[in-house]
Amino acid sequence: MISALQWVRRGAAQARPDKYDMDEKEFKRINEFAAQHLADAKEELAAAQRAENVANGMEADTIKETNPELAEYNLDDYDDDKPEGQEATIFSNLRGLTYYTSNREDPYITLRDDGDEDEEDIMIQATDNLLLAAKTEDDISHLEVYLYDESEESEANMYVHHDIMLPAFPLCLEWLDFHVGRKSAVQAPGNYVAVGTFDPEIEIWDLDTIDNMYPDAVLGAQDKSKKKKGAKKSKKPNKEYHTDAVMALAWNKQHRNILASASADTTVKLWDLTTQQCAHSFTHHTDKVQALAWNPVESTALVTGSYDKTVVVFDSRAPDARATWRLQADVECLRWDPHDSQCFYVSTDDGMVQYFDARNGGSQPVFRLHAHDKAVSALDINSTVRGCIVTGSTDGSVKVWDVNENRPSMVTSRNVKNDIGQVFSITFCPDAPFNLAMAGSAGKVNIWDIATNAGVRRAFQGRSTIVANTRAEKEKVVAMPSDDEPESEEEMDGADIDMDDVAESDFEEEESGEDV
């Protein structure tokens with residue numbers, strides 16, 4: 001399945017991506033990083049063994065009987081042995097080895113492999129967009145970086161440019177251009193993605209480097225030296241780091257060193273990317289925080305939505321003065337209106353979309369829209385055409401709406417259940433505002449040019465030159481070519497997917513109110 005999508009605007013990516021280079025400094029960094037994760041794994045294994053001993057009626061400090069024939073090898077202390085004069089580390093055997101990023105650079109390889117990566121294949125043109133997809137297959141999670149080419153010389157096509165392995169199931173993605181880690185001294189804008197997963201840490205990866213082994217920065221990594229041996233991980237919220245899954249991320253485009261995060265631990269945190277430390281922690285919600293977004297004009301105003309059925313708007317400089325709206329269902333998505341920065345949209349798991357004026361805290365919505373019979377799990381607002389919004393649902397449909405003058409009406413609906421299954425993410429392209437990326441439970445990405453739909457052209461005629469200049473005999477949808485076996489009907493319908501366990505979201509169908 002694909003749980004999140006994120007576009008990267010044209011020109012943001014480096015034309016010729018860097019190859020990962022493991023120099024001495026990087027060797028030391030990843031050695032420390034991996035050792036920390038290894039310590040966690042050992043601790044979890046020890047805890048599991050202690051629990052098993054207790055379950056079997058054994059004391060935690062029971063001394064195991066040793067086979068006399070194996071006693072001479074002292075296998076219990078095998079991992080503690082260190083070569084004389086050398087510190088044993090997780091990558092000890094790699095030190096001193098020469099590493100080449102490709103066979104072409106290795107002087108000892110004289111026969112050239114035709115399968116060596118061609119430099120032209122990884123080039124990114126100024127007309128190319130990148131599309132990021134958080135994907136999980138067979139319990140293995142990774143970030144796929146698609147290159148989407150829509151140049152005039154050729155028909156639109158899309159392929160996987162490179163991918164990044166992730167440590168846990170990904171829940172959210174956020175693009176940012178603030179340099180961190182190895183390139184923190186670089187002045188020009190960067191090309192990074194922050195990833196929130198079931199783990200409480202936030203990883204930040206450099207998209208301009210391929211074959212990366214480890215993230216350039218990890219926000220909220222706990223200091224293992226302060227932790228008592230054998231102590232369980234506490235899920236009690238604190239001011240320094242998250243203690244549960246990171247469910248939403250929002251980068252502040254005006255204060256570029258600030259990243260906001262929302263977590264299942266009920267807190268909202270602001271991170272200073274310069275120091276990679278938590279600058280502020282907010283505790284105004286009482287349940288999982290599912291969504292958040294920075295206001296596009298008031299750069300310090302933040303809106304947050306939670307499973308406690310509330311939406312809160314506040315100024316991050318004075319968080320005690322906040323406006324709260326109480327809803328009838330859990331929040332799924334939040335979006336500020338790019339055409340009216342005082343208002344925002346909320347979608348909920350009862351199929352509703354509501355539009356609020358942030359100046360009137362606690363007031364009734366400006367309008368309500370019964371968009372779907374199931375949860376509105378995806379929502380986006382067209383930044384170019386006023387009144388054009390799209391919704392996606394776990395019912396397997398994507399709908400385009402005209403909400404001009406606060407009178408919502410459906411323009412068109414597309415059943416995508418056979419293509420992408422339950423819809424978990426939809427997002428408009430920043431450079432081609434009618435290109436809508438869609439993904440969901442089937443693990444496939446489709447890009448739908450909604451301007452090629454006759455109903456869309458009629459509804460928004462006069463509000464966009466793109467719509468006026470578009471002529472198409474049939475709707476344009478670009479999909480990834482797949483060599484995989486067809487998905488089963490159960491997988492396409494999402495029948496085997498329990499989103500409570502997977503994406504921390506309740507998508508059960510509930511009875512919803514009337515349309516307004």
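Analyst: Start with one cut-off: buried means under 20% relative accessible area. Keep in mind that this is a predicted model.

User: Why is Cys 172 called buried?

Analyst: The relative accessibility of Cys 172 is 7%. The limit is under 20%. Cys 172 therefore counts as buried.

User: What makes Cys 278 buried or exposed?

Analyst: Its relative accessible area is 18%. Buried requires under 20%, so Cys 278 is buried.

User: How many disulfides are there?

Analyst: The count comes to zero. The rule asks for a pair of cysteine sulfur atoms within 2.5 Å. A disulfide is a covalent bond between the sulfur atoms of two cysteines.

User: On to aromatic rings. How many aromatic pairs does the structure hold?

Analyst: The structure holds 11 aromatic pairs.

User: Why is the pair of Trp 7 and Tyr 148 called edge-to-face?

Analyst: Two values decide. The ring centres of Trp 7 and Tyr 148 are 6.0 Å apart, and a pair needs centres within 6.5 Å. Their planes stand at 70°, and over 60 degrees counts as edge-to-face. So the pair is edge-to-face.

User: Which parts of the chain does that pair link?

Analyst: Distant ones. Trp 7 is in strand β1 (residues 2-8) and Tyr 148 in strand β4 (residues 140-149), 141 residues apart.

User: How do you know whether Trp 7 and Tyr 148 are buried or exposed?

Analyst: By the cut-off of under 20%. Trp 7 has a relative accessible area of 4%. Tyr 148 has 2%. Trp 7 is therefore buried, and Tyr 148 is buried as well.

User: What makes Trp 325 and Phe 344 a pair, and of which kind?

Analyst: Their ring centres lie 5.3 Å apart, against a limit of 6.5 Å. Their planes are at 80°, and the edge-to-face class begins over 60 degrees. So this pair is edge-to-face. Trp 325 belongs to strand β18 (residues 318-326) and Phe 344 to strand β20 (residues 340-348), 19 residues apart. Trp 325 and Phe 344 are buried. Together with Trp 336 and Phe 356, they form one aromatic cluster.

User: What do we know about β18 and strand β17?

Analyst: Strand β17 (residues 310-315) pairs with β18 in the antiparallel sense, over six bridges. Pairing takes at least two bridges. Thr 310 stands opposite Arg 326 in β18. β17 and β18 form a hairpin, with two residues between them.

Terms used:
Residues are numbered from 1 along each chain as its sequence is written. This is a predicted model: local features need pLDDT of at least 70, side-chain atom pairs count only at pLDDT 80 or more; totals for chains, interfaces and linings use all residues. Side-chain values use heavy atoms; hydrogens and water are left out. Rings of Phe, Tyr and Trp (its six-membered ring) pair if their centres lie within 6.5 Å; planes under 30 degrees apart count as stacked, over 60 as edge-to-face and the rest as tilted. Helices (H or I, at least four residues) and strands (E, at least two) are DSSP runs, numbered from the N terminus. Buried means under 20% relative accessible area, exposed over 50%, partly exposed in between (1.4 Å probe, protein chains only).
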